[in-house]
Amino acid sequence: MQQSVRRRLSVPLGMRILLVALLALLVGAQPAFAQQDLGPDYVQTQFGPMGPAGRDLLEKVALAGLWEGPAGRMGLEKSANPKVQEAGRHLIDGHADLDRRTAVLARTFGVSLPTQPSEAQQGWLNEMTAAPARSPEFDRVFANRLRAAHGGVYKFLAAVRTGTRNTAIRDYAKVCMDTVLDHMTVLEATGMVDFNDTEAIPLALVAQPASITPTPPPIQVPQAAAQNFQQLQQQDDGDIPDGALGLGVLALVVAGLWFWTSGRSSRRPHP
């Protein structure tokens, strides 16, 4: 009886070698899913690769808070315009929140943050300090310096948000973009922003193609080929990695060979 069971469960030597080789391939393919090495400037973290753009983002947002928070407080104290005062409140609240978020991420990723505003930022603060309190001059300096700065920061944030592979930086950039957009909106609502100053606020331009080339005529695709192409597109839209598909197929092959050899052994005549 035991000998009969051993015969039914036995697998030919060649088939066992094939199974071992396939399993070795299965194990060896796993490193293919490791994150791509993007170079010495990147560090792998639990949130994805952290690179120069992410570090620059944290530094620039911290730098913005060093002058926009004080500017917001001046807007509350020196302006008689309720809309300027409202913009000041948004600046104070928005950067208090961003400062907290920035400090947490800086500790997480080991990024050193600036502690003093830049020379240009200090110059803008000096302009606001020198402008007479409760005067249209102060309101104009406040609205135009802050609106111009926020426009440049927003473009920078969008570039980082678009290209980063780090999920924490991606979420942080999104919060920063929402905050900056809110500040731009309340600054524009003061009615003091000079949009004729195209140096401070450049005109929006539509990107032009590098060269004009004639559009090729459409290629007639047979209906069957078109259907196959649509099926491939639907498969691609599922976002299933090629490596995962290959491993899945390999696992099915191994399982099929195992069951086939087991069934074949069980059909052998028994004494």
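Helices H5 and H6 are roughly antiparallel to each other, because their axes cross at roughly 165° and angles over 145 degrees count as roughly antiparallel. Helix H5 spans residues 119-130 and helix H6 spans residues 136-163, and their axes come within 8 Å. Axes here are lines fitted to C-alpha atoms, for helices over the stretch in contact, with angles running from 0 to 180 degrees between N-to-C directions. Helices are DSSP runs of H or I of at least four residues, numbered from the N terminus.

Please note that this is a predicted model, in which local features need pLDDT of at least 70 and side-chain atom pairs count only at pLDDT 80 or more, while totals for chains, interfaces and linings use all residues. Residues are numbered from 1 along each chain as its sequence is written, and side-chain values use heavy atoms, with hydrogens and water left out.

H5 passes H6 in a left-handed crossing, that is, the near helix is turned anticlockwise from the far one by less than a right angle. From H5, the contact (heavy atoms within 4.5 Å) is made by Trp124, Glu127 and Met128, and from H6 by Phe138, Val141, Phe142, Arg145, Leu146 and Ala149. By class, these residues are seven nonpolar, no polar and two charged. Ala, Val, Leu, Ile, Met, Phe, Trp, Tyr, Cys and Pro count as nonpolar, Asp, Glu, Lys and Arg as charged, and the others, Gly among them, as polar.

I turn to the second pair. The axes of H3 (residues 52-78) and H4 (residues 82-109) come within 8 Å and cross at roughly 155°, and H3 and H4 are therefore roughly antiparallel to each other. Their crossing is left-handed as well, and twelve nonpolar, eight polar and four charged residues form the contact.

A cavity is a set of points on a 1 Å grid over the protein atoms alone where a 1.4 Å probe fits but cannot get out, and lining residues have an atom within 4 Å of a point. There is one cavity of 30 Å³ or more. The largest cavity holds about 60 Å³ of space, and its lining includes Glu68, His95, His150 and Cys176. H3, H4, H6 and helix H7 (167-188) each give two or more residues to that lining.

Finally, the largest pocket holds about 170 Å³; a pocket is an open set with protein on both sides within 12 Å along at least five of seven lines. H6 provides the largest share of its lining, five residues. Among the lining residues are Arg147, Lys155, Met184 and Pro202.

Terms used:
Parallel < 35°, antiparallel > 145°, perpendicular 65-115°, else oblique. Points joined across faces, edges and corners; volume = space filled by probe spheres on them.
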